[in-house]
Amino acid sequence: MAKPKKKWGQNFLRNRGAVEKIVAAVEPEPGDVIVEIGPGEGVLTGKLLELGHPLVALEIDPELTGRLAARFAGLDVRTADALDAPLPEGPYRAVGNLPYNVGTPILRRVIADPNCRRAVFMLQKEVADRLVAKPGTEQYGYLTLYGQVFAEARILMRLGPKSFYPPPRVDSAVVVLDPLAQPRTTDREGLLELISTSFRMRRKKLINNLIGWRGLTRADILPVLTAAGVDPDIRAEQLSLAEVEGVRSCLFPFPTIGRVP
């Protein structure tokens, strides 16, 4: 049994029933590579190998990398940080029990990658709830809309601390993310910049967050919101992605805005 290292946020999955459900949710198709992020002790690894697809395991802990290589002959296991490790150049499916301290940036990187076909990630329950939140709820925010720009998300299951060793102080959840077959917009960067700006100060009205963005004044923004059918007194947390996209579309006629390259 490996000794968990706090610096890498290691909490090893012990729930065998959860392992079966996670592996079943990967559903690789012909030609897909499977990328396991943070294999740890290999509780998922053995079951993933049984799927019969090429498997790449990215593990940041060199001690665990060595153990995995010894346990699974022929496994392509790499000592690497999933935040910047090269991802496959062809279609792949990502799966893993992500460290809670870096789970969100790993998730954002993977679902934004054009070669990702599905991601099945164990995350802190709070993060999972944000991914599937509805407008107007406390959990709804930048991560919710970021996820919707790239993928459709659903919660596969929720797990308590006793499913892990050592038990974390929070509940966990497994999220399945399916990247969109067609982009919602041809200007993802511009849309994401608008979303980020809109949530700059969560409790502020949308119009107040947008003032100063790319030189916009209140007088510029008011007719844009009217044209988009958005209440000038609304806050970003009350807007659906379609409504934010409507605002973005109406903003670009202004010469100070311009499209993001």
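I started with β3 and β4 (residues 76–79), which pair in the parallel sense over four bridges; strands here are DSSP E runs of at least two residues, helices H or I runs of at least four, both numbered from the N terminus, and two strands pair if DSSP finds at least two bridges between them. V56 stands opposite D76 in β4. From β3 the chain crosses through helix α3 (residues 62–71) to β4, a right-handed β-α-β crossover (clockwise from the first strand over the helix to the second, with the strands pointing away from the viewer).

A note on provenance: this is a predicted model, where local features need pLDDT of at least 70, side-chain atom pairs count only at pLDDT 80 or more, and totals for chains, interfaces and linings use all residues. Residues are numbered from 1 along each chain as its sequence is written, and side-chain values use heavy atoms, with hydrogens and water left out.

Next I checked the other neighbour: β2 (residues 33–37) runs parallel to β3, joined by four bridges, and I37 stands opposite L58.

Is β3 (residues 55–59) mostly covered or open? I found five of its five residues buried, meaning under 20% relative accessible area with a 1.4 Å probe, protein chains only. L55, A57 and E59 point one way, V56 and L58 the other.

Then I zoomed out: seven strands form an open sheet of mixed pairing, ordered β4-β3-β2-β5-β6-β9-β7. Its edge strands are β4 and β7 (151–159), each pairing on one side only.

How values were computed. Buried means under 20% relative accessible area, exposed over 50%, partly exposed in between (1.4 Å probe, protein chains only).
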